[in-house]
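Dear colleague,

Please find below the structure that I am handing over to you.

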Amino acid sequence: MMIRRNLKTLNDLKRKIMKELNLNPAYYDIKIIYHYSQEFLHEQINYGYMAIKEDKHVKIMFNMIHKMPQVNAVKLYVSSEPLAEVDTMEVQ
């Protein structure tokens, strides 16, 4: 999936991801964790994680991507959660 820098808000990012995953936003919400290269030491790369919970986190993520031109891919860990319990009917 291509994520463009013009996604400025958390809602825009969520909408894009949910569309790619075919999740209906009326029934599901998602949590997003950004996995990024924190530092390069010799032949070792240290990674960090940031929960994307607000618009400012989306901005931080894109700023970090922009500052590291050697990075050509971004890892986002996405988990989905139902917004409400599914109605069930007991049959006897």
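Predicted model: local features only at pLDDT ≥ 70, side-chain atom pairs only at ≥ 80, totals over all residues.

Residues are numbered from 1 along each chain as its sequence is written, and side-chain values use heavy atoms, leaving out hydrogens and water.

Helices (H or I, at least four residues) and strands (E, at least two) are DSSP runs, numbered from the N terminus. Two strands pair if DSSP finds at least two bridges between them. In this model, 3 strands form an open, antiparallel sheet in the order S2-S1-S3. Strands S2 (44-52) and S3 (75-82) are its edges, each pairing on one side only. Strand S1 (residues 28-41) is joined to S2 by 9 bridges; in one of them, Ile33 has Ala51 of S2 as its partner.

Helix H1 (residues 10-20) lies across S1, S2 and S3, at about 105 degrees to S1. Angles run from 0 to 180 degrees between N-to-C directions, with axes fitted to C-alpha atoms, for helices over the stretch in contact. Contact means heavy atoms within 4.5 Å.

His35 belongs to strand S1. Is His35 buried or exposed? His35 is buried, because its relative accessible area is 10%, and buried means under 20% (exposed is over 50%, partly exposed in between; 1.4 Å probe, protein chains only). Beyond its neighbours within four places in sequence, His35 is in contact with residues including Tyr47, Tyr49 and Tyr77.

Yours sincerely
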